Amino acid sequence: MTGGEPPVGRITRRPDYLAAAKGRRFHTERLTAQGRLRDDGPPGGLRVGFTVTKREGHATERNRIRRRLKVAAQIAATQAGPAQRDKPVDVVLIGRRDALSASFAQLVDDVRQALGVVTKPKVPRDPSKDHGRPARSGGRGRGGARSPGGAGAAPQGAPPKRNS
């Protein structure tokens with residue numbers, strides 16, 4: 001890193017990770033990105049947090065994934081230019097095991113795409129527009145339509161069950 005480019009900031013506090021998790025998402029086989037535009041908190045531009053779950057391997061593997069993501073994020077932010085770096089955005093990169101075997105160029109490309117997707121402002125949905133989707137029933141979850149007698153009802157025309 002030569003020149004006057006400021007380094008990309010880091011997310012270090014748990015509330016910032018949780019806030020980023022409520023924002024936009026971007027998925028590939030190598031990583032998942034979560035991000036949100038900051039309207040409060042510390043001033044400054046792009047901040048990035050890194051995490052790799054224990055499911056992805058032992059500590060040495062997780063650390064290698066995290067280190068690769070850190071460098072890829074630094075390069076992607078540099079290539080994105082000051083307009084991207086100066087936005088008040090928090091981005092969390094969640095590393096996957098495939099990040100170990102992927103080419104570094106592919107990893108940088110994934111991070112660059114992720115930064116573009118998760119840093120877009122969310123457009124509020126207009127509830128008056130249904131976009132061609134049927135209205136949701138205010139009912140019982142994913143079960144769909146229920147028969148009038150419930151789950152234990154006898155089929156049509158069959159005599160009712162007796163408890164004996």
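## A mixed sheet and its helices

Two bridges link strand E1 to strand E4 (residues 47-51), and these two strands run parallel. This is a predicted model. At one point of the sheet, Arg-10 sits opposite Val-48 of E4.

E1 and E4 belong to an open sheet of five strands, ordered E1-E4-E5-E3-E2, with mixed pairing. Strands E1 (9-10) and E2 (24-27) are the edges, as each of them pairs on one side only. Helix H1 (residues 14-21) packs on this sheet. H1 touches E2, E3, E4 and E5. The direction of H1 makes about 95° with that of E3.

The elements named here span these residues:

| Element | Residues |
|---|---|
| Strand E1 | 9-10 |
| Helix H1 | 14-21 |
| Strand E2 | 24-27 |
| Strand E3 | 31-37 |
| Strand E4 | 47-51 |
| Helix H2 | 59-80 |
| Strand E5 | 89-95 |
| Helix H5 | 104-118 |

Now the helix pair. H2 and H5 pack at an angle of about 60°, and their axes are 8 Å apart. Angles of 65 to 115 degrees would count as roughly perpendicular, and those under 35 as roughly parallel. H2 and H5 are therefore oblique to each other. Their crossing is right-handed.

Which residues make the contact? From H2 come Arg-68, Leu-69, Val-71, Ala-72, Ala-73, Ile-75, Ala-76, Ala-77 and Gln-79. H5 supplies Phe-104, Leu-107, Val-108, Val-111, Arg-112 and Leu-115. By type, the residues of this contact between H2 and H5 comprise 12 nonpolar, one polar and two charged.

Key
Residues numbered from 1 in each chain as written. Predicted model: local features only at pLDDT ≥ 70, side-chain atom pairs only at ≥ 80, totals over all residues. Heavy atoms only, no water. Pairing = 2+ DSSP bridges. Helix = DSSP H or I, 4+ residues; strand = E, 2+ residues; numbered from the N terminus. Contact = heavy atoms within 4.5 Å. Axes fitted to C-alpha atoms, helices over the stretch in contact; angles between N-to-C directions. Parallel < 35°, antiparallel > 145°, perpendicular 65-115°, else oblique. Left-handed = near helix turned anticlockwise from the far one by under 90°. Nonpolar A, V, L, I, M, F, W, Y, C, P; charged D, E, K, R; others polar.
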